[in-house]
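Try each task yourself before you look at the worked solution.

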Amino acid sequence: VGFILLELLGGLCAAAIFRFTHPKEVNPSVPNGVAGLLCEFVGTFTLVLTAGCCVLSGTGTWNATAIAAVLMAMIYSTEAVSGGNLNPAVSFALGLSGAMTWPRVFEYWVAQIF
């Protein structure tokens, strides 16, 4: 019973995050704004959590595969909203190339690091 309740709670959390990070699917006139920052935070958190769990597992057999799979899933799921940077170095490179404004780079850094 506890497992079922936790599954339902996880589904509710996922639905709430999706609704917040994809506002254009509910109302096309809504700007992305904070949705991109939330995507960067959740994506970076998931990637770092996976890397940390791989280190703590003590075995390196599937670590690279697990990290690569999570990175791919997070980039595909956040790319449409935030660009799927998930790394302060990527945001910095986009700022240097002019593909992203510097105020947005700093906002992404805050979301990715903290």
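**Exercise 1: The chain as a whole**

Of the 114 residues in this predicted protein chain, 25% count as buried.

*Task.* Find out how many helices and strands the protein chain has, and where confidence is lowest and highest.

*Solution.* 
- Step 1: Begin with the elements. The protein chain holds six helices and zero strands, and along the sequence they give the pattern α-α-α-α-α-α.
- Step 2: Look at the dimensions. Along the principal axes, the C-alpha atoms fill a box of roughly 45 × 35 × 20 Å.
- Step 3: Check the confidence. The mean pLDDT is 87, with 96% of residues at 70 or more. Helix α2 (residues 23-26) has the lowest confidence, with a mean of 74, while helix α5 (residues 88-97) has the highest, at 92.

**Exercise 2: The largest pocket**

*Task.* Work out which helices each supply at least two residues of the lining of the largest pocket, and how the lining residues divide into nonpolar, polar and charged.

*Solution.* 
- Step 1: Picture the method. Rolling a probe the size of a water molecule over the atoms shows where empty space is left.
- Step 2: Note the volume. The largest pocket has about 190 Å³ of space.
- Step 3: List the lining. The residues are Ala-14, Ile-17, Phe-18, Thr-21, His-22, Leu-38, Cys-39, Val-42, Gly-43, Met-74, Ser-77 and Thr-78.
- Step 4: At least two lining residues come from each of α1 (2-21), α3 (34-57) and α4 (63-82).
- Step 5: Sort them by type. Seven are nonpolar, five are polar and none is charged.

**Exercise 3: Two residues in contact**

*Task.* Decide whether Leu-86 is buried or exposed, do likewise for Gln-112, and then find what Gln-112 touches beyond its sequence neighbours.

*Solution.* 
- Step 1: Locate Leu-86. Leu-86 sits in the loop between α4 and α5. Its phi is near 60°, a positive value in a residue other than glycine.
- Step 2: Apply the cut-off. Buried means under 20% relative accessible area. Leu-86 is at 5% relative accessibility, so Leu-86 counts as buried.
- Step 3: Move to Gln-112, which belongs to helix α6 (residues 102-113). Gln-112 also counts as buried, because its relative accessibility is 7%.
- Step 4: Find the partners. Setting aside neighbours within four places in sequence, Gln-112 is in contact with Glu-40, Thr-44, Asn-85, Leu-86, Asn-87, Pro-88 and Ser-91.

Terms used
Residues numbered from 1 in each chain as written. Predicted model: local features only at pLDDT ≥ 70, side-chain atom pairs only at ≥ 80, totals over all residues. Heavy atoms only, no water. pLDDT = per-residue confidence, 0-100. Helix = DSSP H or I, 4+ residues; strand = E, 2+ residues; numbered from the N terminus. 1 Å grid on protein atoms, 1.4 Å probe; cavity = no way out; pocket = protein on both sides within 12 Å on 5 of 7 lines; lining within 4 Å. Points joined across faces, edges and corners; volume = space filled by probe spheres on them. Nonpolar A, V, L, I, M, F, W, Y, C, P; charged D, E, K, R; others polar. Buried < 20%, exposed > 50% of the residue type's maximum accessible area, 1.4 Å probe, protein only. Contact = heavy atoms within 4.5 Å.
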